[in-house]
There are 2 protein chains.
Amino acid sequence: MPTLNEVARHAGVTPATVSNVLRNRGRVGETTRQRVLEAVAALGYRPHLAARALAEGRAPTLALMVSSIANPFYPEFALAVERAARTSGHFVIICNTNEDPLTGRAYLDQIAGTLSEGVLVTNANLDFADLHTTEARGTPVVLCMWERPHEPPGLPCVAVDFRLAGELAGQHLLALGHRRIGAIVGSKATGVHAARYQGFVDALHAAGAPKGRVKHALDTIQGGYTATRALLDADPTITAIFATNDLPALGAMHAAADLGLSVPGELSVIGITDIQLARESRPALTTVAVPTVEVAGLAVSLLRELIESSYGQAGKAAAPDAVTVPMRISSPPELVVRASTGVPRSP
Amino acid sequence: MPTLNEVARHAGVTPATVSNVLRNRGRVGETTRQRVLEAVAALGYRPHLAARALAEGRAPTLALMVSSIANPFYPEFALAVERAARTSGHFVIICNTNEDPLTGRAYLDQIAGTLSEGVLVTNANLDFADLHTTEARGTPVVLCMWERPHEPPGLPCVAVDFRLAGELAGQHLLALGHRRIGAIVGSKATGVHAARYQGFVDALHAAGAPKGRVKHALDTIQGGYTATRALLDADPTITAIFATNDLPALGAMHAAADLGLSVPGELSVIGITDIQLARESRPALTTVAVPTVEVAGLAVSLLRELIESSYGQAGKAAAPDAVTVPMRISSPPELVVRASTGVPRSP
């Protein structure tokens, strides 16, 4: 592997000039530029990823498409993705689709799929046809948090067993003795949180417990707040709230505070994910932790493999073969017991 | 590889219309748009934006450099920037520097300053020389939240009178009757929050109140938590905490909860900024609100003006003239009284 210095000697220029040419920087005359590029070609020099990408018209970036930058999970995940990407010299640009598939398409078409070597997608709100189009143009795509490992999405992905997360949450509340549990699902009935709720229902079913009330809500603190007020209005005998995500669980605790209900004395609350606010809330939130950092690492390394193997280019994407679509599965979610769950109050 | 002209011919439109459709710009009827997209698909046209952007030195994006994506202020600000940018058809790519000037330089050199038409910077952690270099290469830079309107930074900026924010916070606590106030500054003594603290000190001074204890802390919930414990350990007679940012103020409330101190009955807490969590905390946080949405709008419109006027290119940046460096000043910060402040407890 020739060095930058050897290229410089071969071209009869300084190393700084070689660097400038490869990075499209500084003032370099066209003759000199040509001489440097010929030396690069003659010696088979492979410049640093970043420089090469710019020389080739590609930036050394991975794009991270997030559905809602205002949801604190995504910034946390973005940080983990950045750390993983940095190990291969990639920079991460974050594109916020604001839960809008059309905005997502525009980002894919104009930014992520064009300026990046690969695209990480953290949500299922994007139109899969758009993602396939991006793949077909030669930019690999990886779904980062596929919620149903047993139903592969037909795109490369990192899957997390979110059904199990719901089941663990349900089992924890049942083990404490709760039988009247309200559920808050942070998506539509058939939406992204369906598997989480199914796991919770599976746990109730296995224990012979009644299914209880369920509210579908916005996946926000405010959504959980409103849903909790509605659940407790409809059934004041509820002793615990299961939320499919930490944000609505935090909203449930706020609702309890406003109703003068102590947590966990009068109302237990459990979420899923373990975002930083779960640790920082008072009382600290019991939750089922998803291995965020591990998922970010798996997603970046899968994406890098796909970039290096030119996956999705040419024929493959035109005739996708389900068997060849890679899926990585993360470690299972784990219950993290903190201060927001306890035995139910006496009736 | 088909050209833009071939796509235009195939669709029976002008090349400019194809370009508009691909860039989501201009007014193009839905039928025409569909015809163009069908022609793009039929011919397998790949609008190599990256190559063109590099060739032109411009991409239809604005880069938003944030110092810490984990700080919830930045995602909120990013949302406001995106809304403002969308009105001119710009997409926003978010680059997280993680408070590291070297990472910031790499983003400026390799991404933001290369692939974007302009760069918005939300923090002062970046090396100004790097920002001037980006300007000199023809990519305008706007500082979004300059904290000292009376000391222009020598770069185009939107300034917010953060000294006034600190003063308003101090005046509020004084008006309630507090005289023993602990201060938490979320930066070093000479750091970005210095003006906020100065305003607080000005308020105390004007009222003839003692200056009180101050802790410099990390600008996080945990930083505020630790600082509050230390302040109350050192002086249990403190009746109120002023924090230069909402996150450490929220940490102060958590510390109070863990110490069994009621807020505001036994400890009043006030922050600055008015992030969403300030509204959502229990008790809701009294704070001095910064006009985030307005600042985002001013920053984007200033950046667009600079892009259109080719500010910073050629001679101007080489010999910057302080008089010509534009600064926009936002509306003044405003006190928002919520539930975390009240009259001091009796001694």
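Which strands of chain A does helix 11 (residues 246-258) lie across? I looked this up in a predicted model, where local features need pLDDT of at least 70 and side-chain atom pairs pLDDT 80 or more, while totals for chains, interfaces and linings use all residues. Residues count from 1 along each chain as written, chains are lettered from A and ligands numbered from 1 in written order, and side-chain values use heavy atoms, without hydrogens and water.

**Helix 11.** I found helix 11 of chain A lying across strand 6, strand 8, strand 9 (268-273) and strand 10 (286-289), with contact meaning heavy atoms within 4.5 Å. It runs at about 160 degrees to strand 9 of chain A. Angles go from 0 to 180 degrees between N-to-C directions of axes fitted to C-alpha atoms, for helices over the stretch in contact. Helices (H or I, at least four residues) and strands (E, at least two) are DSSP runs numbered from the N terminus.

**The sheet.** I noted an open, mixed sheet of six strands in chain A, order 7-6-8-9-10-12; pairing takes at least two DSSP bridges. Strand 7 (214-216) and strand 12 (334-336) of chain A are the edges, each with a single partner, so one side of each has no neighbour in the sheet. Strands 6 (181-185) and 8 (240-243) of chain A run parallel, joined by four bridges. Ile181(A) has Ala240(A) as its bridge partner.
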